[in-house]
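Keep the sequence and the 3D view open as you read.

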Amino acid sequence: MKLIFSFSFLFVSSFIFAQEDLFDLALNDTVKKLSTVTIIVKQQTPERSHEVENNALFSGKKNEVIRLANLNANVTTNNAREVFSKVPGVSIWENEGSGIQINVGVRGLSPNRSWELNTRQNGYDISSDIFGYPEAYYNPPLEAVDAIQLVRGGASLQFGSQFGGMLNYVLKRESQKPFSFESQNTLGSYGLISSYNAIGGTKNKFSYYVYNHYRVGKGWRENSDYEVRNSHAYIGYQFTSNTKLSLEYTNMDYEMQQAGGLTDVQFKDNPRQSLRERNWFGTPWNVAALILDTKLTAHLTLNTKLFGLMGERNSVGFTATPDKADAIDGTTTDYANRQVDRDFYKNLGIETRSIYSYKLGKQDQNLAFGMRLYQANTTRKQQGKGTTAANFDLAIDGRFSRDLDFQTNNIACFAENQFKITNNLSVTPGIRYESIKSSIDGRFSITNGNDVNVTPETLSRNKILAGIGIEYKIKKTNFYTNFSQAFRPVLFSDITPPATTDVIDKDLKDADGFNFDFGYRGNLLGWISFDVSYFYLNYNNRIGSIRKFINDDPTQNTYLFRTNLGTTVHKGMESFVDLNISKAMKVNQQIGDIQLFTTLSFIDAKYTNFKITQVSGTAPNIVLSESNLAGNRVENAPRYIHNFGLTWSYKSFSFTLQNRRTGKVYSDANNTETPNTTGVTGKLDGYSVYDLSMEYRFLQKFNVRGGINNLSNVIYATRRAGGYPGPGILPNDARTFFVSVGVKL
């Protein structure tokens with residue numbers, strides 16, 4: 001905490017220094033400054049970030065910027081299948097249609113709450129704990145989002161060490177007039193009602209933006225009611241043309257009924273059915289940030305973010321597998337007591353990001369550098385004896401059986417330098433240093449009324465990551481390549497034994513490895529936009545459990561030993577091509593823009609080494625046999641993900657028809673083909689889904705939007721769960737529709 005306060009002092013000092021420097025410049029400034037003129041041009045989506053943008057370097061990195069205003073998509077329910085359709089290689093879990101959580105992964109990495117990505121909003125963290133528990137329980141409503149930035153593995157040096165890269169939601173702002181009002185109101189299938197309302201503006205040196213988003217629905221499946229509210233407030237003050245200070249606060253709260261998983265037999269019989277009406281989930285979330293943007297000198301810029309998070313993860317329900325009914329007990333004449341689990345998160349951090357521009361020879365060079373201090377605390381209360389009721393009631397009888405405290409402290413610094421060899425060739429080497437300390441303390445369980453405490457433990461490690469990017473421009477196209485090291489710290493779940501007899505390896509190592517990209521992208525002939533690349537991801541020191549004999553004595557029982565077991569390799573091709581057919585035929589002025597797009601992804605994700613053990617017999621005749629998963633496919637990694645689409649836009653009308661095709665996936669590392677009786681393991685077949693969205697604008701201020709998701713009414717599933725929100729197979733929504741009316745004043 002002292003480090004955070006110290007760095008906060010630097011934040012204020014930098015601000016004061018900037019004011020003195022810039023006010024002196026203003027007193028001596030005799031040049032008449034003209035008012036800013038902004039020209040708005042509708043651009044191709046996805047875009048690519050500039051080489052230098054927002055105090056970051058993107059030269060040589062694979063990245064996409066999705067402008068939501070340029071998409072026809074169901075943003076009301078955050079339909080990631082449509083929103084990411086032009087970004088190759090994005091895996092999506094679609095286990096419920098509320099859109100409250102966005103579950104995405106890249107290159108065969110798990111989509112689970114986007115936990116392999118460094119997930120941000122306006123450049124600051126929004127996940128629970130990026131090192132100990134990196135699940136993103138919150139994401140903003142996409143009606144409030146201006147753009148989504150995705151940087152692949154090359155993001156690990158400037159933004160964080162995650163293998164998947166960085167995902168950043170950039171919220172809307174109003175900078176053109178002193179007051180604006182926006183409202184978008186939607187009705188849809190299965191009781192969907194949504195209302196997004198925002199005001200914003202810029203007057204002299206002040207700017208502001210406030211929105212509230214409310215959505216309620218019944219859900220396609222039984223027992224899938226939800227109600228969610230997102231609120232956000234922003235205010236900024238422009239001290240000079242070079243210095244701005246802003247404050248923003250986000251609050252989210254929701255209640256979501258969890259329909260639970262199904263066995264494969266139940267899924268085939270009726271995928272809409274639910275055997276769990278007493279299961280609920282909610283995550284109250286608060287995020288705040290104080291942001292300073294300033295230009296310290298003619299060559300040096302500074303962005304500093306002081307941010308904090310307070311949130312909860314709350315669940316209550318009957319957690320048995322779907323082959324066991326949640327029924328009234330004949331003896332007690334009541335339902336069984338539900339299980340209550342609660343997490344409490346308190347995080348605080350400060351991060352600086354700077355660009356120093358200088359000349360080397362005749363070429364302009366750019367140095368990006370920054371520092372980060374971060375502290376996170378998670379209190380985990382689990383296995384509470386809940387009520388027998390059916391509502392979202394978190395009350396418990398007695399104490400939580402498990403009550404743990406996790407602490408994370410992090411110091412990081414980075415530097416990347418873009419060396420421009422010529423006007424067309426640039427080389428960008430970089431380095432990042434991470435110091436992470438994770439600790440655990442508290443009660444593991446209660447046995448016979450006595451507390452069973454965990455042994456307090458602290459893991460400290462220092463990591464140095466290196467990388468290099470190269471970019472070569474040829475007119476409006478460029479070749480790019482990037483090599484960046486990455487790592488995934490040991491998570492809280494890795495150092496928490498599932499049972500008192502389990503043992504955690506004291507020498508447990510963080511997963512480490514690297515990402516490599518080589519691609520060619522750009523624009524040709526004025527009507528072709530493309531990005532074609534090869535990737536190679538090496539993921540070492542994956543964590544798992546193997547069986548061992550107590551005291552290495554074969555006559556005794558066994559225990560699970562959690563340690564680093566193996567390596568996976570993900571490699572493949574990613575391509576995006578967009579063809580403006582009407583522009584190529586020079587008839588776009590007469591009939592509008594007709595665009596065909598496709599994203600093709602071929603993913604080969606396999607275990608190259610991962611030891612497992614099997615147990616047979618009983619003591620004293622137990623037999624342990626060891627095998628290796630080498631050659632098995634990584635769970636949740638499809639062999640291909642393809643998107644095909646057609647967009648037609650003419651004057652004030654536009655529509656998009658798209659098709660997503662995904663290959664089969666295995667839900668476990670053993671690559672189990674035949675599902676088990678509980679639906680927890682087994683292969684999931686590939687699927688093909690069509691979506692249609694359209695928009696009509698009139699009187700320059702109004703719009704009508706609509707669409708049909710899963711147009712062909714396909715029944716499919718992308719996920720099996722072992723716990724919440726299952727366990728079992730989790731069906732995706734069949735055909736749904738929405739109609740929306742909006743105004744922007």
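Arg-705 and Glu-695 join their side chains in a salt bridge, 3.1 Å from N to O. A salt bridge here is a side-chain nitrogen of Lys or Arg within 4 Å of a carboxyl oxygen of Asp or Glu. The pair links distant parts of the chain, 10 residues apart: Arg-705 sits in strand E36 (residues 702-709) and Glu-695 in strand E35 (residues 687-698). This is a predicted model: local features need pLDDT of at least 70, side-chain atom pairs count only at pLDDT 80 or more, and totals for chains, interfaces and linings use all residues. Residues are numbered from 1 along each chain as its sequence is written, and side-chain values use heavy atoms, with hydrogens and water left out.

- Arg-705 counts as partly exposed because its relative accessibility is 23%.
- Glu-695 is buried, at a relative accessible area of 9%.
- The cut-offs are under 20% relative accessible area for buried, over 50% for exposed, and partly exposed in between (1.4 Å probe, protein chains only).

**Other salt bridges**
- One network, joined by salt bridges that share partners, takes in Arg-48, Lys-62, Glu-64, Arg-107, Arg-152, Asp-517, Asp-531 and Glu-574.
- The whole structure holds 43 salt bridges.
- Arg-120 and Glu-351 form a salt bridge through their side chains, at 2.8 Å from N to O.
- Arg-120 lies in strand E6 (residues 118-121) and Glu-351 in strand E18 (residues 339-360), so this pair ties together parts 231 residues apart in sequence.
- Strands (E, at least two residues) are DSSP runs, numbered from the N terminus.
- Arg-120 and Glu-351 are both buried.
- Arg-432 bridges to Glu-434, with the closest N and O atoms 2.7 Å apart.
- Both Arg-432 and Glu-434 are buried.

**An exposed loop residue**
- Where is Thr-455 found? Thr-455 is in the loop between strand E22 (450-453) and strand E23 (457-474).
- Thr-455 is exposed, with 63% relative accessible area.
- From Thr-455 to Phe-530, the C-alpha atoms are 54 Å apart, and the two residues are 75 residues apart along the chain.

**Confidence**
- pLDDT is the predictor's confidence in each residue, from 0 to 100.
- The protein chain has a mean pLDDT of 91, and 94% of its residues reach 70 or more.
- Over residues 5-43, pLDDT stays under 50.
- The model has 38 contacts (heavy atoms within 4.5 Å) beyond four places in sequence for residues 5-43.
- Where pLDDT is low, predicted coordinates should not be read in detail.

Terms used. Helix = DSSP H or I, 4+ residues; strand = E, 2+ residues; numbered from the N terminus.
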